[in-house]
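Work through the exercises below with the model open. Try each task before you read its solution.

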Amino acid sequence: MERRECNVCKKIESYENMILDVEEILECSEQTTKQWQSKNKDVNLLDWFCMPCCGKVIKEIEEQDNENNN
């Protein structure tokens, strides 16, 4: 069984329980994604995420996008 490391919390899980490339599933503007990424240089949105970190990062970025659009 292949295992991957979450690039946020460093937890190691089976790759079936991980998400790769969160950027692809974000529902927000590219500008918001770039802003968030510039503030979080240690997190690569194209890398592996465990489910809890994936949810947290997506929520954080999409909430920022909503704030930017209001």
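Buried means under 20% relative accessible area, exposed means over 50%, and partly exposed lies in between (1.4 Å probe, protein chains only). The model is predicted: local features need pLDDT of at least 70, side-chain atom pairs count only at pLDDT 80 or more, and totals for chains, interfaces and linings use all residues. Residues are numbered from 1 along each chain as its sequence is written, and side-chain values use heavy atoms, without hydrogens and water.

**Exercise 1.** Decide whether Thr32 is buried or exposed.

Solution. Step one: take its relative accessible area, 1%. Step two: apply the cut-off; Thr32 is buried because its value is 1%.

**Exercise 2.** Find the side-chain partner of Thr32 in a polar contact.

Solution. A polar contact is a pair of N or O atoms within 3.5 Å; within protein, one must be able to donate a hydrogen and the other to accept it, and residues adjacent in sequence count only if both atoms are side-chain atoms.

**Exercise 3.** Classify Cys9 and Cys28 by accessibility.

Solution. Cys9 has 39%, so Cys9 is partly exposed. Cys28 has 21%, so Cys28 is partly exposed too.
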